[in-house]
Amino acid sequence: MTGEATQTLEMHERMPNFDYEAPTTLKAALELLARPGEVRPLAGGTDIIDQLKNNRRNADLVVDMKRVPELLKLEMNGVGLRIGSAVSCSAVHKFTSTHGIFPALSEASELVGSVHIQNRASIGGNVCNAAPSADTIPALLIHEAVAHTASASGGREIPLIDFFAGPGQTVLEKGEILKELLLPSPSKQTASAYLRFIPRNEMDIAVAGVGSLIEVDPANGIVTRARIALASVAPTPVRAYAAEELLEGAVIDAATIDKIADLAVEAAVPITDVRGSAEYRKELIRVLTKRTLNICLERLA
Ligand SMILES: Cc1cc2nc3c(=O)[nH]c(=O)nc-3n(C[C@H](O)[C@H](O)[C@H](O)COP(=O)(O)OP(=O)(O)OC[C@H]3O[C@@H](n4cnc5c(N)ncnc54)[C@H](O)[C@@H]3O)c2cc1C
C-alpha cells in the first residue's frame, strides 16, 4: 500500500459513523433535531466535518440545514438585514457590498478562509461554532445582531452578545437551532469597519480582530453611538464597553482615538499561545482599534 493510500485509510478510519438527513422544511428539521442522542446541525460543514473527523465532536445524527428554505433567506426590509442561518459568507458579502450596507460584516464575511470556504461556510455556522477568533462575530456584534432561534417547542430572541457560553459553546439548548440573525438598519451617519491580524495574507485564524462602529451627528461632530467588539482575546467574543461609553458624547479626534484604543485593550483578556503572546495580542487590539476607527471616519467624510 502506498503512503498516500495508508493516509487516506487512516483518515476514513477516524471518521465516526453517523446517520445523515437533509430535510427540506424547517418543521422536519426541528423534528429530527429533537430526536434523542447527539444530533448536530450541519450548514457548510467547514467546521463540523473536521471536528467529527478529529473526534472533537461526536454525532449520532447530522442534520443538513442547507435545503431548508427558511434558513436560506437573505433580505433587507424596513427593519433591517435578515440573514438565514445557512446563508453562505459569499452571499452575505455579495449582498452587503452590492447594496453598500453593513461594511464591517461585508469585510468580515470576505475574510473567512478562501473563496471556496466562503461559498460553503455560513454566517450561522461561524456564530454557532462559537470560536473566539470567528471573524464575522465582532461585525455582527457592533451591528447589534439579534439571534432568532427555533426548536420543536418554539423560539427565542437572544441579543448576540448573550449567545456565547465559552470557547465552542453557545446558549442553544438541545434541539434548538439558530434560525436567523436580524441586524437593525443603522442611520446614514453610521460607519463600521472590521480588521483582523493574521501572520499570512489569507487562510489563517485571527490572532486578534476588532470591529468598530460609530454614528456621528453631522451638525457638531459628536459621536452619538459607538460599538467596539474584539475577537481572539477572550474565551468568547467581547464588547469593549468602557471604550464605547467614553466615545459616545465625545468629538472624535486623534487624542480621543488614542484613549479609546487604551480602553479597548483593557477589555481584552487574551491567552498566550503558538499564534501570539497575550502582550502581543493586546498591542494588536490597540492598533486595530485605532485603524478601524480611522476607517470609520474616512467612510463618514
Ligand atoms: C481552511 C479553513 C479556513 C477557515 N478560515 C476561517 C477564517 O478565516 N475565519 C473564520 O472565522 N473562520 C474560518 N474557518 C472556520 C469556518 O469556515 C467558519 O467558522 C464557517 O463560517 C463555519 O460555517 P459552516 O456553515 O461551515 O458551519 P458548520 O461546520 O456546518 O457548523 C459549525 C458549527 O455550528 C453548528 N451549526 C451550524 N448551523 C447551525 C444552526 N443553524 N443552529 C445551530 N447550530 C448550527 C454545527 O453543528 C457546528 O457545531 C475556516 C475553516 C477552514 C476549513
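## A guided tour of the predicted model

Begin by selecting Val63, which is buried, with 23 other C-beta atoms within 10 Å. A residue is called buried if 20 or more other C-beta atoms lie within 10 Å of its own, exposed if 12 or fewer, and partly exposed in between, with C-beta atoms placed from the backbone. The structure on display is a predicted model, in which local features need pLDDT of at least 70, side-chain atom pairs count only at pLDDT 80 or more, and totals for chains, interfaces and linings use all residues. Residues are numbered from 1 along each chain as its sequence is written.

**Stop 1**

Val63 belongs to strand E3 (residues 61–64). Helices (H or I, at least four residues) and strands (E, at least two) are DSSP runs, numbered from the N terminus. Display the contacts of Val63: apart from residues up to four places away in sequence, Val63 touches Glu21, Pro23, Ala29, Leu32, Leu33, Val39, Pro41 and Leu42. Two residues are in contact if their C-beta atoms, placed from the backbone, lie within 7 Å. Leu30 is 33 residues from Val63 along the chain, and the C-alpha atoms of the two are separated by 9.4 Å.

Next, select Tyr20 in strand E1 (residues 19–21). Tyr20 counts as exposed because it has 10 C-beta neighbours inside 10 Å. Not counting residues up to four places away in sequence, Tyr20 touches Val62 and Asp64. A line drawn from the C-alpha atom of Tyr20 to that of Lys94 covers 30 Å, and the two residues are 74 apart along the chain.

**Stop 2**

Select helix H4 (residues 89–99), whose buried residues are Cys89, Val92, His93, Phe95 and Thr96. These buried residues of H4 pack against strand E4 (74–76), strand E5 (80–84), helix H5 (103–109), helix H6 (115–120) and helix H7 (123–129).

Phe102 lies in the loop between H4 and H5. Its phi is near 45°, a positive value in a residue other than glycine. Is Phe102 buried or exposed? Phe102 has 29 C-beta neighbours inside 10 Å and therefore counts as buried.

**Stop 1: the loop between H7 and H8**

Select Ala130, which is in the loop between H7 and helix H8 (136–142). Ala130 is not glycine, yet its phi is positive, near 55°. Ala130 is buried, with 22 other C-beta atoms within 10 Å.

**Stop 2: strand E13**

Move to Ala229 in strand E13 (residues 223–231). Ala229 has 27 C-beta neighbours inside 10 Å, so this residue counts as buried. Which residues does Ala229 contact, leaving aside its neighbours within four places in sequence? They are Pro138, Leu141, Ile142, Gly211, Pro237, Val238 and Arg239.

**Stop 3: helices H10 and H11**

Select helix H10 (residues 254–266) together with helix H11 (residues 278–300); the two pack at an angle of about 140°, with their axes 8 Å apart. Axes are lines fitted to C-alpha atoms, for helices over the stretch in contact, and angles run from 0 to 180 degrees between N-to-C directions. H10 and H11 are therefore oblique to each other. Show the side chains where the helices meet: Ile257, Ile260, Ala261, Ala264 and Val265 in H10 face Lys282, Ile285, Arg286, Thr289, Lys290, Leu293 and Asn294 in H11.

Buried in H11 are Arg281, Leu284, Ile285, Leu288, Thr289, Thr292, Leu293 and Cys296. The cover over these buried residues includes strand E11 (190–197), strand E12 (208–216), E13 and H10.

**Stop 4: the loop between H10 and H11**

Finish at Val269, in the loop between H10 and H11. With 13 C-beta neighbours inside 10 Å, Val269 counts as partly exposed. Leaving aside neighbours within four places in sequence, Val269 is in contact with Val233 and Ala234. Arg156 lies 30 Å from Val269, C-alpha to C-alpha, and 113 residues away in sequence.

Definitions and conventions. Angles under 35 degrees count as roughly parallel, over 145 as roughly antiparallel, 65 to 115 as roughly perpendicular and the rest as oblique.
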